[in-house]
Protein chains: 2
Amino acid sequence: MKSLPSLIALAIFISPNLQADPLPSWNKSASKNSIIDFVNKTTTEGSKDYVVPAKRIAVFDNDGTLWGEQPMYFQAIFIFDRIKALAPQHPEWKNKEPFASVLKGDTKTALSGGHKAILEMAMATHAGVTTEEFNQSVRDWLATARHPTTNRPYHEMIYQPMLEVLTYLRANGFKTFIVSGGGIDFIRVFAEETYGIPPEQVMGSSIKAVYEIRNGKPTLTKLPELNFIDDKAGKPVGIHQHIGRRPIAAFGNSDGDFEMLEWTTAGSGLRLGVYVHHDDAKREWQYDSPSHIGQLKRGLVEAPQRGWTIISMQKDWKTIFPDQSEKKTN
Amino acid sequence: MKSLPSLIALAIFISPNLQADPLPSWNKSASKNSIIDFVNKTTTEGSKDYVVPAKRIAVFDNDGTLWGEQPMYFQAIFIFDRIKALAPQHPEWKNKEPFASVLKGDTKTALSGGHKAILEMAMATHAGVTTEEFNQSVRDWLATARHPTTNRPYHEMIYQPMLEVLTYLRANGFKTFIVSGGGIDFIRVFAEETYGIPPEQVMGSSIKAVYEIRNGKPTLTKLPELNFIDDKAGKPVGIHQHIGRRPIAAFGNSDGDFEMLEWTTAGSGLRLGVYVHHDDAKREWQYDSPSHIGQLKRGLVEAPQRGWTIISMQKDWKTIFPDQSEKKTN
């Protein structure tokens with residue numbers, strides 16, 4: 001019979017399985033198991049799949065993976081609000097697309113160009129603004145704007161089960177990064193407080209900026225010039241540019257994340273590729289393909305043969321948003 | 001009289017000043033004091049200059065600040081070696097600048113275009129190479145190449161006093177970043193082992209890359225296209241793009257770092273701007289202005305009025321390279 005100290009030692013050794021559930025908002029499921037199994041194997045010294053802490057890099061898409069993206073990208077709503085606010089100074093927008101569609105309330109036409117169209121509108125509204133003024137405008141907007149159907153602040157439209165994954169990975173020595181098709185500066189305003197991800201671990205699409213002395217004060221000012229589109233095949237390029245090594249885990253929800261999952265899981269050693277599948281019409285939204293936003297077609301077909309995990313929001317998640325249970329009892 | 005436990009508690013509380021010298025390779029000097037004073041003030045809770053750990057960002061130039069840059073940028077020597085190796089496949093280089101100058105051994109002419117000329121040569125020699133092949137070529141070169149006058153491997157041409165600053169800052173909760181005009185992928189190959197700075201905390205100049213499937217294998221391949229010049233006014237832009245918040249400490253050695261120090265020290269709260277001055281002809285090199293490499297003219301004039309620290313390598317540093325004392329006794 002083992003002595004008490006050796007039993008304690010044994011318990012500590014196999015502690016990941018004995019500790020409190022690290023993912024309490026998840027139902028028992030294959031997808032939950034795949035995440036826990038990956039973390040156990042890559043962090044247990046002596047395991048053939050062990051990965052040193054410095055190489056425990058996990059990347060997450062944002063729109064549709066960490067927070068919602070319906071009825072349209074939240075950043076698009078921010079930009080539409082800016083266009084409406086600035087319209088009196090831009091009478092030409094009434095006859096110029098995509099601004100005309102925004103002002104008419106035809107968001108579908110305004111958004112038909114995807115992330116790139118949003119960036120073009122961002123350029124038109126943000127050019128000439130300093131980075132500090134821009135950050136303040138995002139903070140002001142987040143403080144007052146409300147989601148059109150849930151009436152929640154946008155930074156509360158985040159997925160509780162994914163927050164648990166972020167915390168769980170970090171508790172196991174992973175560095176967590178956002179790799180978003182959305183605007184890098186927009187996400188950085190709330191990522192640290194909302195997700196625990198500091199600005200230097202946020203990647204996204206961007207417009208250029210220029211450094212200059214304005215009235216004696218060093219200033220960074222946004223330019224109406226595209227810098228980088230961090231979507232599709234741009235995601236591995238952005239990861240290389242920003243992180244400089246290949247992640248071992250990647251989480252996405254659309255075909256825009258396909259190359260990120262492909263690049264991540266093609267590395268040697270144990271890898272984790274995960275898709276969040278929006279299949280919960282009741283508690284969130286139900287969409288995959290065809291869809292104007294967050295289309296998931298190729299990913300859904302190829303995930304099984306590539307060994308990627310597909311999360312069913314409907315079946316695998318007990319709750320969707322952090323305070324959902326409270327809202328329901330109200 | 002205080003009890004022994006309370007004295008121990010007191011000693012722990014004020015430990016930064018009582019502990020072993022954190023910068024043992026530094027002579028007692030105003031520049032050493034300015035660094036220690038800055039760290040004490042920004043990390044002591046309750047101090048009016050206290051900075052939360054997440055905002056303790058320190059940025060370092062590489063060439064001339066963390067390692068040497070004479071008789072020319074070490075990366076230029078790497079690229080020259082690549083040009084010589086690839087010359088048989090490029091007969092046209094004999095009559096094309098800057099390649100012709102490299103092949104004739106006229107490095108001064110080849111380098112007259114600065115970081116940009118080096119990047120152009122990098123593009124010509126690295127295009128079509130995968131990121132993994134490139135990393136291997138740098139590793140191979142570092143393992144065999146020797147500095148022309150000291151005969152040391154290049155990654156041993158690093159400054160021991162600056163290694164101590166990096167370690168000291170990190171021990172006090174700072175995140176240390178490299179912000180170099182040199183090539184980001186080149187530096188990343190050795191930065192983690194040499195400086196303790198992981199790839200995701202290295203910024204530099206870069207050429208573009210493309211993600212593609214080559215023979216069924218996901219691949220990132222370098223393109224002959226400039227992506228970003230991380231020098232002069234490009235440094236604050238690169239810092240914003242990569243870190244997303246303003247550093248509180250910046251270390252450089254040339255006018256190429258001026259804007260980085262200016263942007264860093266123009267932020268609110270206590271800031272630290274530091275120039276390494278190459279004034280040690282005997283143990284290292286003596287140069288500032290005029291100089292083809294690492295010119296320091298404006299910085300030297302303006303540092304005092306801006307409250308920036310100037311390190312005299314000759315007077316402030318006991319040793320230059322990590323194993324200098326051993327070499328001297330050999």
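Biologist: Happy to start with the layout: into which domains is chain A divided?
Modeller: This is a predicted model, so everything here is computed from it. One part of chain A is the stretch 74-144, called domain 2. The other part is made of two segments, 4-70 and 154-316, and this is domain 1.

Biologist: How many residues does each domain of chain A bring to the contact?
Modeller: The centres of domain 1 and domain 2 of chain A, taken over C-alpha atoms, are 27 Å apart. The two domains do touch, with domain 2 of chain A giving 22 residues and domain 1 of chain A giving 32 residues.

Biologist: What share of the area buried between the two domains of chain A do carbon and sulfur atoms give?
Modeller: Between domain 1 and domain 2 of chain A, about 2,400 Å² is buried. On the domain 1 side, Tyr154(A), Phe186(A) and Lys222(A) supply 30% of what that domain buries, more than any other three residues. Of the whole buried area between these domains, carbon and sulfur atoms give 77%.

Biologist: Which element gives the most to the side of domain 1 of chain A that touches domain 2?
Modeller: The elements giving two or more residues to that side are strands E2 (175-183), E3 (202-214) and E4 (217-228), along with helix H10 (184-195), in chain A. By class, the side has 13 nonpolar, eleven polar and eight charged residues. The element that gives the most, with ten residues, is E4(A).

Biologist: Is His126(A) buried or exposed?
Modeller: His126(A) sits in helix H7 (residues 114-126) of chain A. Leaving out residues up to four places away in sequence, His126(A) touches Phe78(A), Ile79(A), Arg82(A), Phe134(A), Ile207(A) and Lys222(A). Its side chain also makes a polar contact of 3.2 Å with the side chain of Thr125(A). Because its relative accessible area is 4%, and the cut-off is under 20%, His126(A) counts as buried.

Biologist: Over in chain B, is Ser268(B) buried or exposed?
Modeller: Ser268(B) lies in the loop between helix H12 (258-265) and strand E6 (272-277) of chain B. From Ser254(B), Ser268(B) is 14 residues away in sequence and 24 Å away in space, C-alpha to C-alpha. Since its relative accessible area is 64%, and the cut-off is over 50%, Ser268(B) counts as exposed.

Note on methods. Residues are numbered from 1 along each chain as its sequence is written. Chains are lettered from A and ligands numbered from 1 in the order in which they are written. This is a predicted model: local features need pLDDT of at least 70, side-chain atom pairs count only at pLDDT 80 or more; totals for chains, interfaces and linings use all residues. Side-chain values use heavy atoms; hydrogens and water are left out. Helices (H or I, at least four residues) and strands (E, at least two) are DSSP runs, numbered from the N terminus. Buried means under 20% relative accessible area, exposed over 50%, partly exposed in between (1.4 Å probe, protein chains only). A polar contact is a pair of N or O atoms within 3.5 Å; within protein, one must be able to donate a hydrogen and the other to accept it, and residues adjacent in sequence count only if both atoms are side-chain atoms. Contact means heavy atoms within 4.5 Å. Domain bounds come from an automatic or database domain assignment. Buried area is the accessible area (1.4 Å probe) that two parts lose on being put together, summed over both. Ala, Val, Leu, Ile, Met, Phe, Trp, Tyr, Cys and Pro count as nonpolar, Asp, Glu, Lys and Arg as charged, and the others, Gly among them, as polar.
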